[in-house]
Amino acid sequence: MTPIIEKSPDGGYAIGSVDKLLNLARKHSLWYLLFGTACCAIELMQTGGPRTDADRFGMMFRSTPRQADVLLLAGTITYKMASRIRLLYDQMPEPKYVIAMGSCASTGGLFQKSYSVVKGGDLFLPVDVYIPGCPPRPESLVEGLMLIQHKIEKEPWLKKAWGKLPEKIDPRLPRES
Amino acid sequence: MSEPTQTGAQREELVLNMGPHHPSTHGVLRFVVHTDGEIMRKAVPEVGYLHRGLEKLAESQTYAGYMPFTDRINYLEAMFTEQAYAMAVEALLATEIPPRAEFLRVIACELNRIANHHITLGCITMDLGAYTPFVYLLRERESINDLIEALCGNRITHNYLRIGGVAYDVDNIWLGQLESYLDHFEPIINEFEALIVGNEILIKRMQDIAVISRRDAVAWGLTGPNLRASGQDWDVRRDIPYGAYPQFEFDVPVGPLGRGQAGDCYQRFLVRVEEMRQSCRILRQCLAKLPEGDIKAKVPKMIKAPKGESYASVEGARGEMGCYLVSDGGKNPYRVKWRTGSFSAMSIIEHTSPGLMIADLVALVATLDVIAPECDR
Amino acid sequence: MKPAEIQAYLQQKLDKQIEWHEGEKNTGDPWAIVEPDLWVDACQLARHDTELAFDFLRNLTGTDRPDDGKIEVVAHLWSYVRRHAFVLKTTVEREAPKLSSLATIWPAAVWYEREIFDLLGVEFSGHPDLRRIMMPDDWVGHPLRKDYTEQADYRGIPTSRPGYVTAMPEKVDE
C-alpha cells in the first residue's frame, strides 16, 4: 500500500503501513563497510568520490562492521582472507546484506586457474546482489546498490521480525514508482 | 623489560593486531604490533592476504594473453607493469619498437604516475586525519580516468600495451584534451601545496619521523620515491634509460627538499608532489615531439620466445617494477617473477619500527606507499 | 664491467670453475651458475669487493626445473657505485632443497628467501625467521612447483566452482 499523503492547514499527515515507512527509512540510509581488497576497491572509492557521489543515497562508509549494514565484497578473495571476511560478516548486526562487486567476488573472475583464490564470495557467504564487471564502473555499482534498495523496500519487515518468514523476494520484480 | 609505573604496577609487552581489515592499512595488510603502551617495540608485518598466484598463472597463459593479468599486479599504475612485461618479452624476441609506440607508452605511463600519486598523497593525508585533500584528488583523478578511458576503453586495468607496441592510436582531439588537462592540472598542484603541504599539523606528524638512512634504504632494497627521499640520487628512467625517455628533459627530485632531514616521512611526501610536476613536464614534451608512424611492430601471431631469460625494469610510481621472464621455447612463459617496490618497502617496516609510536606506524606505512597486490602478487 | 668480465673476475677470485650460459639466440641476459657450497662466498665477494661492489640485491627468486631434478635460485645484482648488473644462479636438489641464507649480506634477502621457502620449498639455513609468507600457515604443498596439485577444499571452502567451463564448444548451433 503506497503511503497516502494528505495536506491539512496545520501541516499534513501521511498514512501508510509500518513496513513501508520503515523500509523507506532503511533503504535511504545504507551504511557500507569500508572494506576492499583489490582493484574494485578503487572503483568503490571513486564511487564515494565527488563525481558519482554515493553519499546522496545516504550511503556512507563505516570502519567497524558493528555499525555497517552492507558488506561490499570489493576485490579478489583469497583463502587466507576468507576466514577474516567471515568474521567480519558474523560481527555485522541483522539485517545485513552482502554485495559481490566485480567478477572476482562473484565467481573468481579471471583467476579461475589460481591456487589461492576463492572462486566466488557465495562459497562461504550468502550473497544478495552480484555486480558484473572488471572492475564495474561507478554507474554499475550504483545500479547494484539500487537493487539492494529495491530488495529492502519489498521486505516484509514486521512479518520477519515477528517470526513469520517471508517468501523469496526477487529484486527483479517490477519496481513500484 | 618492565619498569614500575607511578602506581607501582609492573608493565609488560602488549601484542596488538592491526588488520587485515583496518581503516588505515592500504589494502589488506596486517601488522602484529608488540608495544609497551604507545611506544612500539616492533611491528611485524604479515602479508599474503591478496596473493592471487599471478606468477603461476603466467605458466598457463600465452605470452600475449598474459597482458591483462599484469594489470592486476598494481592496478593503480597498470601501464608500468604492462611495460615491464612487454619489455621483457621484447628483449627475448629482439623486436624494434616504432617511435610513435614508444612515445605513446611514455604518455600512458606518466599519466598513470600522476594518477597513482593522487591516490597516494590523498591516502597519506586521509590516514593522518585530513579528509579534504583526498576528495580533491579523487576529483582530479576522474579527469585522468576520462582521458585513459578515451584512450583504451577502461578506467583502471587498461590492457593497453601489446608485445611490440600499443593497441590503439590517438588522434588530435585526444591530444587536445590532454593539453587542456595539463593546463588545468598544473595550477592544481600549486593549489594542493597551498592547501596541505605547509600545514603545521602535517609537518609535526611527518617531519623527523621514521627516518630511513641511505645505507639502510640501499641495503634493504628500497626503490623509487622512497629511495630518493633517503638521499640516493637514482631514477631508472634517467640512469638505465629505456623507451623514449632519453629524448626528454626532466629533473629527479632527491631528498632533502624543504624542511626536515633526508629519509623522514615528510621527504617521502614532498618527493611525490614534485614528481607530479616533473611528469607534467614530460607530458608537455611528448605532446610537442610526438612522431608519426606505426603503433605496433610486426610480431608473430603466436609468440614463441627463444630459450633464455631476461629481466626488464621500469621506474614505476612505487619503485622499480621489474619483470624476470624465463622462456623454454614454448608458447607459454616458463616462469615470470615480479620484482615490486612494495615488497621491499614492507620488509623494512620491522627494522624501522622500534621506538615509534603506533600513530607513527600509520604515517610510515602511508608514506612508504605499500599496497597489498604489489606486495603479494 | 660487462657480465662476461664479471664472470671471469669472480672465477679468478674464487679459484673455481663457474658455468657461463647465454640465451638461445643471444637475446636476453646471460647468467653464471655456482655450486651451492660456494653460494655464500660468491655473494660475499660480490657485495664487498671494491671492483664489483654489488650493493643492491635487485631480485632473489627460484625456478623449478623438474626435468633436471633441480631448483634454481637466481639473484639479480646491481651496483649503484659501478653501474653494472649481474645474474648469479645456483641449483639445489629438488627432493630436499637446502641452501645457506644471504640475510647477513643483504638484509633485503630476508623476505625473498621466505617467499622461496613458501612457494618452492627451499630451506635456508641461518635465516632469522623462516616461515610461510604468502600462503596460510596450514597450507599443504609448495604451489610454484610444476607438479603441484590443488587440494579439494580448504577449511570447508571448496576450491572449484560447479559449472566452470573448461573448454569452448567445438561448434555453436544456430
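Mentor: Angles under 35 degrees count as roughly parallel, over 145 as roughly antiparallel, 65 to 115 as roughly perpendicular and the rest as oblique. This is a predicted model, where local features need pLDDT of at least 70, side-chain atom pairs count only at pLDDT 80 or more, and totals for chains, interfaces and linings use all residues. Residues are numbered from 1 along each chain as its sequence is written, chains are lettered from A and ligands numbered from 1 in the order written, and side-chain values use heavy atoms, with hydrogens and water left out.

Trainee: Okay, how do α5(B) and α6(B) run relative to each other?

Mentor: These helices (DSSP runs of H or I, at least four residues, numbered from the N terminus) pack with their axes 11 Å apart, at an angle of about 165 degrees. Axes are lines fitted to C-alpha atoms over the stretch in contact, and angles run from 0 to 180 degrees between N-to-C directions. So α5(B) and α6(B) are roughly antiparallel.

Trainee: How many nonpolar residues does the contact of α5(B) with α6(B) have?

Mentor: Contact means heavy atoms within 4.5 Å. On the α5(B) side you'll find B:Y136, B:L137 and B:I144 among them, meeting residues of α6(B) that include B:W174, B:F185 and B:F192. Ala, Val, Leu, Ile, Met, Phe, Trp, Tyr, Cys and Pro count as nonpolar, Asp, Glu, Lys and Arg as charged, and the others, Gly among them, as polar. By class, the contact has 3 polar, 3 charged and 15 nonpolar residues.

Trainee: And how are α4(B) and α5(B) arranged?

Mentor: Helix α4 of chain B covers residues 99–127, and helix α5 of chain B covers residues 132–152. Their axes come within 9 Å and cross at roughly 165 degrees. The contact includes B:L111, B:I114 and B:H118 of α4(B), plus B:F134, B:L138 and B:R141 of α5(B). α4(B) and α5(B) are therefore roughly antiparallel.

Trainee: What about α11(B) and α14(B), parallel or antiparallel?

Mentor: Take residues 265–289 and residues 358–368 of chain B, whose axes lie 9 Å apart at an angle of about 30 degrees. That makes α11(B) and α14(B) roughly parallel.

Trainee: Which residues of α11(B) make that contact with α14(B)?

Mentor: From α14(B) come B:A363, B:L364, B:T367 and B:L368. The contact divides into 4 nonpolar, 1 polar and 2 charged residues. The α11(B) side is made by B:C265, B:R268 and B:R272.

Trainee: Which residue forms a salt bridge with B:D183?

Mentor: A salt bridge is a side-chain nitrogen of Lys or Arg within 4 Å of a carboxyl oxygen of Asp or Glu. Here the closest N and O atoms are 2.8 Å apart. The pair links distant parts of the chain, 101 residues apart, with B:D183 in helix α6 and its partner in helix α11. That partner is B:R284.

Trainee: Which three residues supply 20% of the area that chain C buries against chain B?

Mentor: Buried area is the accessible area (1.4 Å probe) that two parts lose on being put together, summed over both. Between chain C and chain B it is about 3700 Å², with 56% from carbon and sulfur atoms. Across this interface there are 7 salt bridges, and B:E59 and C:K146 meet in a salt bridge at 3.1 Å, N to O. The three residues are C:Y80, C:W111 and C:M134.

Notes
Helices (H or I, at least four residues) and strands (E, at least two) are DSSP runs, numbered from the N terminus.
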